[in-house]
Amino acid sequence: MSHTPGTLFVVATPIGNLSDASARMVSTLKEVALIAAEDTRHSQPLLNYFGITTPLCSLHEHNEQSQSVQLIEKLLNGESIAVISDAGTPGISDPGQVLVNLAHQKGIPVCPIPGANAAISLMSVSGFKDSYFLFVGFLPTKNQEKVALLEKLKHAAYATVFYEAPHRIKATIKTLCEYFGETRQVVLGRELTKLFEEVHRTTLKEAEEWISSNANRLKGEYVLVIEGLEIDTDTLDMTRHDKLLTELIEKLSLSDAVKLAVTITGEKKNFLYERALLLTSP
Ligand code: SAM
């Protein structure tokens with residue numbers, strides 16, 4: 001590996017199947033001066049398996065700020081560092097972004113070593129034709145925040161990916177069913193890349209039954225992707241778009257309001273722009 005001294009490597013590790021480890025993952029972890037791991041005890045078996053003896057330090061959500069400052073010092077002194085999380089890609093619903101952000105601010109080179117990621121793995125087997133999708137990760141635990149987010153997402157024209165813990169999966173499917181509707185298509189990915197992997201595409205209503213039909217389905221790791229709404233412009237609920245645009249135009253310039261409305265609704269820019277002009281015309 002030839003790289004600039006003092007490079008920060010963001011290294012993906014397997015999400016359950018050691019065979020998904022890449023040759024670059026192994027060589028990078030062997031060659032850096034230090035590995036910052038989310039949980040050093042959790043990562044030790046992986047490192048042992050590949051004969052990696054590089055020193056470890058911890059970088060988790062509770063020490064990310066202070067530890068990142070110290071790691072930046074080392075990087076500035078020319079030591080290369082790799083950051084890894086318990087599984088998958090660091091910084092994706094995992095620690096790492098605070099350190100990466102600081103590194104960019106200090107002009108430190110940052111290099112991704114790509115690999116496993118639960119969201120992309122499931123999206124790749126969803127079969128949904130949406131060419132773009134939104135990654136939400138874990139839903140907020142505070143009810144008010146969760147409701148506000150789901151209200152925004154339920155009419156989106158793009159597929160939406162969620163992570164969920166096994167003890168909340170049943171309740172979450174029920175909630176998603178309430179917001180997105182019983183007939184909306186969902187793909188559930190359980191224990192991806194592991195021995196008991198399941199990929200199941202169905203409706204949100206049937207997903208509840210699928211999970212309840214087998215006690216094992218209340219265990220294991222889950223990722224979900226919900227299909228985006230097919231927008232038929234002839235039957236669009238104009239009141240909803242007009243209400244949103246009116247509120248945004250009150251606070252922003254016309255073009256910023258339209259840009260934000262495009263992001264929120266997934267509608268075409270020209271269509272919303274025309275609508276905004278109509279709303280603002282005397
Ligand atoms: N950084 C990781 C990634 O790249 O996917 C995600 C870390 S996040 C803390 C952990 C969540 O990812 C789990 O609760 C689950 O929702 C999802 N996940 C991780 N591994 C998975 C797997 N093998 N099968 C299904 N979902 C998984």
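Ala-156 sits in the loop between helix 6 and strand 7 (159-164). In this predicted model, Ala-156 counts as buried, at 1% relative accessibility. Leaving aside residues up to four places away in sequence, Ala-156 touches Gly-228, Leu-229 and Thr-265. Thr-265 lies 109 residues from Ala-156 along the chain, yet their C-alpha atoms are separated by 5.4 Å.

The largest nonpolar core comprises 20 residues. Phe-162, Leu-176, Phe-180, Leu-188 and Leu-224 have the most contacts inside this core. Five elements are listed as giving two or more residues to the core: helix 6 (143-153), helix 7 (169-180), strand 8 (185-190), helix 8 (204-212) and strand 10 (222-226). Helix 7 supplies the largest share, 6 residues. Such grouping follows a general pattern: in soluble globular proteins, nonpolar side chains tend to be buried together. Phe-180 illustrates the packing. Not counting residues up to four places away in sequence, Phe-180 touches Leu-150, Leu-153, Lys-154, Phe-162, Leu-204 and Ile-226. Phe-162, one of these partners, is also among the core residues with the most contacts.

Charged pairs were examined next. Side chains of opposite charge can pair when their charged atoms come close. The count comes to 8 salt bridges. One of them joins Glu-164 to Arg-168, with the closest N and O atoms 3.1 Å apart. Glu-164 is buried, because its relative accessible area is 7% and the cut-off for buried is under 20%. Arg-168, at 33%, is partly exposed.

A second salt bridge pairs Arg-275 with Asp-242. Here the closest N and O atoms are 2.9 Å apart. Arg-275 belongs to helix 11 (residues 269-280) and Asp-242 to helix 9 (residues 238-251), so the pair ties together parts that are 33 residues apart in sequence. Arg-275 is partly exposed, with a relative accessible area of 24%. Asp-242 counts as buried, at 14% relative accessibility.

Lys-259 and Asp-256 also meet through their side chains in a salt bridge, at 3.9 Å from N to O. Both residues lie in helix 10 (residues 254-265). They are 3 residues apart, so about one helical turn separates them. Lys-259 counts as partly exposed, at 47% relative accessibility. Asp-256 is likewise partly exposed, with a relative accessible area of 36%. Elsewhere, salt bridges that share partners join Arg-190, Glu-198 and Arg-217 into one network.

The ligand is surrounded by 20 residues. The closest are Thr-89, Asp-94, Asn-117, Tyr-163 and Tyr-222. For the side chain of Glu-221, the corresponding distance from a ligand nitrogen atom to an N or O atom is 3.4 Å. A polar backbone atom of Ile-15 is 3.1 Å from a nitrogen atom of the ligand. Taken alone, the ligand exposes 570 Å², and the protein buries 91% of that area.

Methods. Residues are numbered from 1 along each chain as its sequence is written. This is a predicted model: local features need pLDDT of at least 70, side-chain atom pairs count only at pLDDT 80 or more; totals for chains, interfaces and linings use all residues. Side-chain values use heavy atoms; hydrogens and water are left out. A nonpolar core is a set of buried Ala, Val, Leu, Ile, Met, Phe, Trp, Tyr and Cys residues joined through side-chain atoms within 4.5 Å. Buried means under 20% relative accessible area, exposed over 50%, partly exposed in between (1.4 Å probe, protein chains only). Helices (H or I, at least four residues) and strands (E, at least two) are DSSP runs, numbered from the N terminus. Contact means heavy atoms within 4.5 Å. A salt bridge is a side-chain nitrogen of Lys or Arg within 4 Å of a carboxyl oxygen of Asp or Glu. A residue is near a molecule or strand if one of its heavy atoms lies within 4 Å of it. A polar contact is a pair of N or O atoms within 3.5 Å; within protein, one must be able to donate a hydrogen and the other to accept it, and residues adjacent in sequence count only if both atoms are side-chain atoms. Accessible areas come from the Shrake-Rupley method with a 1.4 Å probe; for residues, only the protein chains shown count as cover.
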